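The report below looks at one helix and at two further residues of a protein chain. Please read it alongside the sequence and the coordinates.

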Amino acid sequence: MERLHVGKEKIGIIIGKKGAVKKLLEQELDVTIKISSSGAITIEGDTLNAYRATHVLQAIAFGFSPDSALELKNPEFSFETINVKNFAESKKRISEIKGRLIGKSGRVKRVIQDLGAVDLCITENRIGLIGESSDVGFARRAIQTLLRGAKHSRIFKTFEQKNRAFERR
């Protein structure tokens, strides 16, 4: 049995319309999920399934879609977060940094997702990543470099070099 707690505002997202998301998670992960009105969640089932369900629920509570979060069923996938506050002191600077990461019309975010083979979710002060563990680690380092002020072209070039090296294998 696993336990976690989510904010009350996240309960409806996890349950879904007419319980659809909760049912989907229970079926896909082969667990039973109990959610209290306070946000306390209990997950019952096989130890490994309950452990994976915890990560899926954390990703959904973070802001990922259930479909993206369910990628975490695969043991090769991981979910990580980056705290933007570690790179900026003021709200204005946090906003600027997030703007650099998202880019005009979401272009930079899309390029990172495509070249990095990860899903990104950007919240007020955090960035979430889901993907294969090696891709998540690489994307995390690239994003952190971008948040420290590196040029976009440097980050894109790094992703392209990684992808070329992977294709040569």
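Helices (H or I, at least four residues) and strands (E, at least two) are DSSP runs, numbered from the N terminus. Just after helix α5, Gly-103 takes a positive phi of about 80 degrees. This is a predicted model, in which local features need pLDDT of at least 70 and side-chain atom pairs count only at pLDDT 80 or more, whereas totals for chains, interfaces and linings use all residues. Residues are numbered from 1 along each chain as its sequence is written, and side-chain values use heavy atoms, with hydrogens and water left out.

Helix α5 (residues 91-102) has twelve residues and reaches 16 Å from its first C-alpha to its last, close to the 16 Å expected at 1.5 Å a residue, where the expected span is 1.5 Å times one less than the number of residues. Its buried residues are Ile-94, Ile-97, Lys-98 and Leu-101. They cover an arc of only 100 degrees around the axis, which puts them on the same side of α5; the arc is that of the directions from the helix axis to the C-beta atoms. These buried residues pack against α6 (107-116), β5 (118-122), β6 (126-132) and α7.

Buried means under 20% relative accessible area, exposed over 50%, and partly exposed in between (1.4 Å probe, protein chains only).

| Residue | Relative accessibility | Class |
|---|---|---|
| Glu-2 | 23% | partly exposed |
| Gln-144 | 19% | buried |

Gln-144 is found in helix α7 (residues 133-147) and, leaving aside neighbours within four places in sequence, is in contact (heavy atoms within 4.5 Å) with Ile-82 and Phe-87.
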